[in-house]
Every structure is written in structure tokens, then in C-alpha cells.
Amino acid sequence: MIKRPRRNRLNAAIRGLVSESSIDIKKLIYPMFVTEGETEDIEAMPGIKRYSLKDLECALKEIAGLGITSVLFFGIPKEKDETGSGAYCPHGIVQNAVRLAKSLFPELVVITDICLCEYTSHGHCGVVENGYVNNDKTLELLAKAAVSCAEAGADIVAPSDMMDGHTASIRAALDESGFENTLIMSYSVKYASAFYGPFREAAGSAPAFGDRKTYQMDCRNRREAFIEASLDINEGADIIMVKPAMPYLDVLSDMRREFHAPLAAYQVSGEYAMIKAAAAAGYIDEKSAVTESLISISRAGADMIITYFAPQVAKWLNG
């Protein structure tokens, strides 16, 4: 007779030892919004703020004190234009935030989102001509944005635009500018998702016309993810990403089996807002739901998780 493991007799400490997946604070990346305006709460994302530079210092001290080792900056400029010039301005909001963060906490891993949507007046991720995004003209500006962030001190640049050839263009520009050691975390598998709504409110980046389905992935496609990830790896991506996380755990698992590159998953604003809303209504226990969701993402194969819950999780884990 084969005996089953005595799982029901294991105490909490032993269960922790034999568990297959766990949450590690050092594997969590905290996405932060920095603004040229005043610090303010984001209504659709309870607990999340847009930080002014004067208030960012205090926020970073708290985050570092919790043991969080990585942040991802998104910028919100005062003024936007057709070409998103704030994204590649040497003294843009993100570039200034990077300088501040690295001056305060040199060991903090600072990642910058590389895209134009937060900076363009039309809300699209690139240069728009005749109602369509011009891929090649956009690549030039994305490369400039990446170099400007590297000059400011960013450790990793994260292109989220989904333009064809963006990784190769950015890698070449970084190398030519002497930033061979700046890593690229590419949003390789980014779906045109309904779960981005709260982010678009936070960043003021909703498209003024049309949508982003012409350059982001169709939610019905799975095999396409292999093509996108392969292209990015071949073009020089150091880290690949799946976004959103929970609706695409099958794709995340596919990526883990197929590729050996470090793999990130983004638990996006809609995932965060849903858990927060359900918990506020008393339908679920927030701590349990957050923990289970992050464990599922880790179990599916993510090496690192970008999540707005990072400070809360750190507090829970720190007791």
C-alpha cells in the first residue's frame, strides 16, 4: 500500500519548507507614477498615487525600508504634444525621477517605461500619420527615450510600445551611446487588454481616437506570443514580459517552458482594482486573494512580478 504524504499533519513552518512556490520581496517590482504636477490619489486605484518629485523622496524611503529593491517609473508630464517629446527630454519627469532615486538609493534597481503614450496629445504609443502609427519614425524616438533614461541612471529600460523592431533599435542606440550594460526588459507579449483601464486614468493616456489593437496582441492568440518573444530575444532583450498576468497564465507558462530568458509578469491596474473593489465590498479577503494571485503568477513561471501590491505584500511578509 502506497502511503500519501501527511499534508494535513504538517505545521505552518513545515508547509513553508515543502511548498513549491513562494513570494519573495526581492522578486517584486513596484510600478510608480511620477508627475510634474502635485501629488494626488488615483481614484480608480485605491492606495496608489501620482507622486510629485518633492514627495517622491519620502515614498522611496518607505519602499526601500520595506525591502523592495526595484521600481518601475511611468511619467506624467504637464504638457503633451504630437510626438511625445517629454519621453525623450533629457530633463523630463521620468529622467529627473531616476536621478533622484539613484542619488538617494544607489542600489535600488530603477526601471523606466519606454513608450510615448503618456506623453502624446493623442494617447497613442507612437507618431501618428494619416490615422495610423508610423512604426519606423516611432522607433527613432523610442531609442532617444531609452538613451535619455540611461543617461539619467536607469538600470533597465522597458519598451512597452509593441512597435516592430523596437528592441533592436533601442539596443543599438544604447550600445552606440556607451550604455552596453543597460538592460532591456521588453514587453514582448503585451495584449490589447480591457484590464488597462485604471492605468489609462492614472496616466491620462487613453487614445483620443481608435484603439491600440493594431499594434498590441489579440487576446485570442496564443502562438503569436512565441513569435513576439523570439523576435525580442534575438534582437537583444535581456528580460521578456507577459502582460497582463492572470488572464494569460497559460501564455506565461508557455514562455517559461520555451525560453530560458528571465521572465517577468505584470499584474496590471485592472487586476489590482478588481481585488481592491471586491475586498472593499467584503466579498473576498484581500490579503488571501493577493497572496493567491501572486503565487499563481509565480507558479506559472514568472521570475519577477510587477505589482501595485508590492508595498502591502512587503508589510505582510515583514510581519
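This is a predicted model: local features need pLDDT of at least 70, side-chain atom pairs count only at pLDDT 80 or more; totals for chains, interfaces and linings use all residues.
Entry 1, burial of strand 10. I looked up residues 239–243, which make up strand 10. Five of the five are buried, so the strand is largely enclosed by the rest of the structure. I then checked which way the residues point. I239, M241 and K243 point one way, while I240 and V242 point the other way. All of them are buried, the lysine K243 included.

Entry 2, strand partners. I went through the pairing of strand 10 next. Strand 9, residues 183–190, pairs with strand 10 in the parallel sense, over four bridges. For V189 I noted V242 as the bridge partner in strand 10. Strand 11, residues 263–267, also pairs with strand 10 in the parallel sense, here over three bridges. M241 has A264 of strand 11 as its bridge partner.

I followed the chain from strand 10 through helix 8, residues 249–258, to strand 11. These three elements make a right-handed β-α-β unit.

Which residues of the largest nonpolar core touch the most other members? I found M32, F33, F73 and M185, out of 104 residues in that core. Helix 4, residues 135–152, gives the most to this core, with ten residues. As a general note, nonpolar side chains tend to be buried together in soluble globular proteins.

I listed the contacts of F73, leaving aside neighbours within four places in sequence. F73 is in contact with M32, V34, L56, L60, V94, A97, V98, A101, V110, I111, T112 and D113. M32, one of these contacts, is itself among the residues that touch the most other core members.

Key
Residues are numbered from 1 along each chain as its sequence is written. Side-chain values use heavy atoms; hydrogens and water are left out. Buried means under 20% relative accessible area, exposed over 50%, partly exposed in between (1.4 Å probe, protein chains only). Two strands pair if DSSP finds at least two bridges between them. A crossover is right-handed if, with the strands pointing away from the viewer, the path from the first strand over the helix to the second runs clockwise. A nonpolar core is a set of buried Ala, Val, Leu, Ile, Met, Phe, Trp, Tyr and Cys residues joined through side-chain atoms within 4.5 Å. Contact means heavy atoms within 4.5 Å.
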